[in-house]
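Please read it alongside the sequence and the structure.

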Amino acid sequence: MKKFLLVTAALATLVGVQSAAAADLSRPYPYATKAPAYAAPIYNWTGFYIGGHLGGAFSSDNNFSGLATGNNSNGRFLGGVQVGADWQVSPNFVVGAEGQYSWLSGSVGAVFPGGYAYNNSQRGLGSVTGRVGYTWGPGLVYVKGGYAYSDNNESVTSPAGAQVGFITNGDHRNGYTVGAGVEYMLAPSWSAKVEYDYYNFGNATFSAPAALVPTGSFTTDDHTVKAGVNYRFNWGGPVAARY
């Protein structure tokens with residue numbers, strides 16, 4: 001009888017311990033918190049920006065007539081600044097406007113038949129453009145186009161090497177530019193870009209001196225490649241992560 005009572009008491013104790021353990025397992029522990037689900041960062045391109053760039057400029061091989069011996073295809077160093085504003089009109093599309101100026105090193109020119117030489121120590125290239133881009137988060141691919149200005153510093157020398165006055169019948173200071181680029185947002189306030197731009201300032205023909213009238217015609221255009229960085233003043237908020 002005593003053995004029966006001892007076995008019964010042991011079984012009751014075991015059942016109680018198991019019930020208490022089950023109750024504890026169903027009760028959340030204070031340190032057992034659920035980890036938040038990860039979400040990709042949300043990037044906002046809306047806002048103003050200012051930045052700088054470095055690169056190279058190359059004039060087209062056909063800038064001067066075939067009768068002229070020129071140095072128009074040489075590469076030149078450039079460096080400059082840009083300022084602009086973007087508006088992210090939808091999750092994947094960005095529109096904006098940008099002003100840009102690039103200082104140039106070197107010059108372009110040619111020696112025409114008869115020994116008269118034209119030289120343009122082109123000081124810089126400026127532009128005011130609009131741009132449209134497609135974005136996927138931190139990346140942006142865009143095209144751009146608009147007004148361009150060539151800061152020319154021109155001269156003509158005679159066969160004896162003396163500077164002479166000249167007149168051209170074409171405006172080769174004002175023109176247009178088109179281009180394309182890729183920009184990547186490195187941080188909430190910084191982005192980096194690589195860009196190609198083509199500048200065209202039209203054709204010009206010499207109407208003086210008389211020796212240049214028969215053969216003195218040329219085109220002013222430039223191809224440029226630039227790498228730059230922008231500091232962004234985002235009015236729509238910084239890069240954020242949503243959970």
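Helices (H or I, at least four residues) and strands (E, at least two) are DSSP runs, numbered from the N terminus. Val-182, for instance, is found in strand E13, residues 174-187. This is a predicted model, in which local features need pLDDT of at least 70 and side-chain atom pairs count only at pLDDT 80 or more, while totals for chains, interfaces and linings use all residues. Residues are numbered from 1 along each chain as its sequence is written, and side-chain values use heavy atoms, with hydrogens and water left out.

**Salt bridges**

- A salt bridge is a side-chain nitrogen of Lys or Arg within 4 Å of a carboxyl oxygen of Asp or Glu; the count by this rule is 11.
- Arg-131 pairs with Asp-86, with the closest N and O atoms 2.9 Å apart. Because Arg-131 lies in strand E8 and Asp-86 in strand E4, the pair ties together parts that are 45 residues apart in sequence.
- Arg-232 and Glu-183 form a salt bridge at 3.0 Å, N to O, and this pair links strand E15 to strand E13 across 49 residues.
- Buried means under 20% relative accessible area, exposed over 50%, and partly exposed in between (1.4 Å probe, protein chains only). Arg-131 is buried at 6%, Asp-86 at 2%, Arg-232 at 2% and Glu-183 at 0%.
- Asp-86, Arg-131, Glu-183 and Arg-232 are linked in a network of salt bridges.

**Surroundings of Glu-195**

- Glu-195 lies in strand E14 (residues 190-208) and is buried, with a relative accessible area of 2%.
- Glu-195 forms a salt bridge with Lys-144, the closest N and O atoms being 3.0 Å apart. The partners sit in strands E14 and E9, 51 residues apart, and Lys-144 is also buried, at 8%.

**Nonpolar patch**

- Patches consist of residues with over 30% relative accessible area and no salt bridge, with like charges joined within 9 Å and nonpolar side chains (Val, Leu, Ile, Met, Phe, Trp, Tyr) within 5 Å. Accessible areas come from the Shrake-Rupley method with a 1.4 Å probe; for residues, only the protein chains shown count as cover.
- A nonpolar surface patch with about 940 Å² of accessible area together includes Trp-87, Phe-93, Trp-136 and Val-182.
- Strand E8 gives the most to the patch, with 3 residues.
- Val-182 is partly exposed, at 46% relative accessible area.

**Cis peptide bond**

- Most peptide bonds are trans.
- The bond from Ala-208 to Pro-209 is cis, with omega near 0°. Pro-209 is found in the loop between E14 and strand E15 (217-233).
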